[in-house]
Amino acid sequence: MYKILLTQDLVPNIHLFKVAAPAVAKKAQPGQFVVIRIDERGERIPLTMADWDENEGSVTIVFMEIGTTTRRLALLKAGDYIANLVGPLGLPSHIEKFGTVVCVGGCYGIASIMPIARAMREAGNKVISVIEARSKYLLFWEDELRRASDQLIVTTGDGSYGAKGWITDRLKEIVSGGDGADLVVAIGCTFMMKLCAETTKPFGIETIVHLNPIMVDGTGMCGCCRVSVGGETKFACVDGPEFDGHKVDWDLLLARQGIYLDDEIRSLEEWECQNWHKSR
Amino acid sequence: MAKLNLNRVPMPRQDPKLRGRNFNEVALGYSLEQAKEEASRCIQCPKRSCVDGCPVEVDIPDFIKAIRDGDMPEAVRILKSKNSLPGICGRVCPQETQCESTCSLAKKGAPIAIGRLERFVADWERANMPSANSPSIQPSASGKQVAVVGSGPAGLTAAADLAKLGHNVTIFEALHVAGGVLMYGIPEFRLPKEIVQAEVDYVASLGVKIELDSVVGKLVTIDELLNNGYRAVFLGTGAGLPMFLNIPGENLNGIYSANEFLTRVNLMKAYQFPKYDTPVKLGKRVAVIGGGNVAMDSARCALRLGAEEVYIVYRRSEVEMPARREEVENAKEEGIQFKLLTNPKRFLGDEQNWVVGMECYEMELGEPDEGGRRRPVVKPGSEFIIDVDEVIVALGTTPNPLIASTTTGLETTKRGTVVADEATGKTVKDRVWAGGDIVTGAATVISAMGAGKLAAADIDKYLRG
């Protein structure tokens, strides 16, 4: 059992949990993820670690409420326990001095990009972080990311804060601008990462994406998370989650992410019917 | 001399029509009367050749005699002194190629049903001796710590034996429950999970600590264990990496590895979705590629999930099938269709990336290969299409490379297995032993248990030396 030490609603539908997991915190590296299971009936879901603290013995996850599991997770409070938390899984991010690194985060990816931005800067890179949300009220960790980066660019779809437009608009300005970039790292929803990779491709700038296919065990046992990269099948859980965004078969990934869409809707509907009275 | 009784007491089983739609156990087990009747057929021959056929050397004639005499606690004691997982072995061991094949009555075509009797003893104990969880064997702590990596049949056996020998054992398990393939792989209707957990509890009752959610190679490495108080390490991590066909269309939606399909169904209980949160695709026309026990398990799970047609697609003929005869018969009785001498060429998908069909070749058998089985050869121009909406690839598994890639000084083969001495399980790395599928590649539960037992004995020798 893993105790929840702290919960925080970052923005509507996106939550931060700090969970006691000392052994995982000791080994965690940027870009790695954990798999959690809430309780006996729960699914195993992968979540990128947004932070960890070896002294406190905690790991921090940031997740979006989207299906039954994350809905149920969001109802838990500090002091509650989750049944399982396993990690650190996946290969750590490749961190070295590249020059100028653009760290792109959208949605819950704003949290996931944080440890990478920090590590990239510690490695001597100039880090430009770019974060995107539909509107101002969906933005979080602006100050934290500003501190972790040399420069922070904020963009909102409706222009309510920062620049108006999508992340690809900002990315294009950077990669086509004077100084350019040596590396782009993008984390967010699959569609956003796909667009980022498409944006940088004509400029030939290496673009690392953090893929988030459906997983079960997270240790290479099931092959559920297989993705096609450069024509080769890879298991995102053990060969990734980082891959070359210009080589990913995005259509396949998007299609595979929808495998259980009907089931997810049915599951959530049934759960909501039985638990309509529960809320945070 | 008394006349030989050649009438094996049949195993009561659920009706095929009913059982094809539920996940309850197929074989129902002997009653006490049936067990006594079967036990009384044993001629207690002095050769005791059945014991030679058992990888863990259970004193088979002795526990059978105890059943015959109605002394069940004695039967339990004899059985468990050699085998810590009898409820599991009695269900999933291939007795027909082991103890029962060397039984003196096997020549007459009616060996003693040793597996069924073993199961009976284990089930009797669970029902009648709940205190068995506080065993009479009290470990006299040697104080020496041993780490066992993986809680499948090899790891559980090694851990139990080491604990009985007085060592301080910790099992590290990657998943959220102990049992390995016994939990995620073998289905409920063949091996109820309650029985696995009861036998895991027994191992824990011997003083074995079980650390779940612990991926060795990620959370902690073998070298770190060896440097942090563990005097010896046993690797029993199995063969967990699924093999695929590597043909076009294999990443279409609705195509599973058997590992994924069975893990969803057995470990995550997707057959009870949405009561349990993990879903699994419910195919109407399901093809399972492969001819082993895992293929049979997958096909029979798909049927129970409501499939209308389930095919076993196998590239050789039935005699070459590696599955247990009994499992093939069970599958046929339940209505699984066998498409033999058939091999997929590619998978066909629709616009939404869902599998809709499978183009296959007809095969014929050519010259025997190095393993002695006749090699399947493609019949040119024989392509045909099978309509399917779900495919389960059950071609076998290889060891997960995680341990080997994070441990210094281990020797591995081209197939990814860890090199270890057959008689002792000792690897080339100091203080590290290995056994089960990680050494042999995918094999049986009992051979993994045998390897766990041998390694435990050698580790004990080393720790006392």
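How many residue pairs are in polar contact between chain A and chain B? The count is 22 residue pairs, both residues at pLDDT 80 or more, where a polar contact is a pair of N or O atoms within 3.5 Å, of which, within protein, one must be able to donate a hydrogen and the other to accept it, and residues adjacent in sequence count only if both atoms are side-chain atoms. This is a predicted model, in which local features need pLDDT of at least 70 and side-chain atom pairs count only at pLDDT 80 or more, while totals for chains, interfaces and linings use all residues. Residues are numbered from 1 along each chain as its sequence is written, chains are lettered from A and ligands numbered from 1 in the order in which they are written, and side-chain values use heavy atoms, with hydrogens and water left out.

Chain A gives 45 residues to the contact and chain B gives 42 residues, contact meaning heavy atoms within 4.5 Å. Between them the chains bury about 3,500 Å², 53% of it on carbon and sulfur atoms; buried area is the accessible area (1.4 Å probe) that two parts lose on being put together, summed over both. Of the area that chain A buries against chain B, 20% is supplied by A:Met221, A:Arg226 and A:Tyr260, more than by any other three residues.

Across this interface the rule finds 3 salt bridges, a salt bridge being a side-chain nitrogen of Lys or Arg within 4 Å of a carboxyl oxygen of Asp or Glu. A:Arg41 forms a salt bridge with B:Asp277, with the closest N and O atoms 2.6 Å apart. The side chains of A:Lys27 and B:Glu224 also meet in a salt bridge, at 2.7 Å from N to O. Because A:Lys27 lies in helix H1 of chain A and B:Glu224 in helix H11 (residues 222-227) of chain B, this pair joins two chains; helices (H or I, at least four residues) and strands (E, at least two) are DSSP runs, numbered from the N terminus. A:Lys27 is partly exposed at 23% relative accessibility, and B:Glu224 is partly exposed with a relative accessible area of 27%, on a scale where buried means under 20% relative accessible area, exposed over 50%, and partly exposed in between (1.4 Å probe, protein chains only).

Within chain A, helix H8 has A:Trp250, A:Leu252, A:Leu253, A:Ala255 and A:Arg256 as its buried residues, and these pack against helix H6 (190-200), strand S13 (207-210) and S14 of chain A. The N-terminal end of H8(A) is capped by A:Asp249, a side-chain oxygen of which lies 3.4 Å from the backbone nitrogen of A:Asp251. In the segment after H9 of chain A lies A:Asn275, which is buried with a relative accessible area of 10%. A polar atom of the A:Asn275 side chain lies 2.8 Å from the backbone oxygen of A:Trp271.

Turning to the nonpolar packing, the largest nonpolar core has 111 residues, among which B:Phe63, B:Phe261 and B:Ile312 touch the most other members. A nonpolar core is a set of buried Ala, Val, Leu, Ile, Met, Phe, Trp, Tyr and Cys residues joined through side-chain atoms within 4.5 Å. Helix H17 (residues 445-464) of chain B gives this core its largest share, 8 residues. A second, separate core of 38 residues includes A:Val86, A:Trp250, B:Val215 and B:Leu241. B:Phe261 is one of the buried residues of H12(B), a helix spanning residues 258-267 that is largely enclosed by the rest of the structure, because 10 of its 10 residues are buried. Leaving aside neighbours within four places in sequence, the contacts of B:Phe261 include B:Tyr256, B:Val280, B:Leu305 and B:Ile392. Just after H12(B), B:Lys269 takes a positive phi of about 60°.

Over all chains the count comes to 52 salt bridges. In chain B, B:Arg304 forms one with B:Glu334, the closest N and O atoms being 2.8 Å apart. B:Arg304 lies in helix H13 (residues 293-304) and B:Glu334 in helix H14 of chain B, so the pair ties together parts that are 30 residues apart in sequence. Both B:Arg304 and B:Glu334 are buried, and both belong to a network of salt bridges whose members include B:Arg13, B:Arg190, B:Asp297 and B:Glu327.
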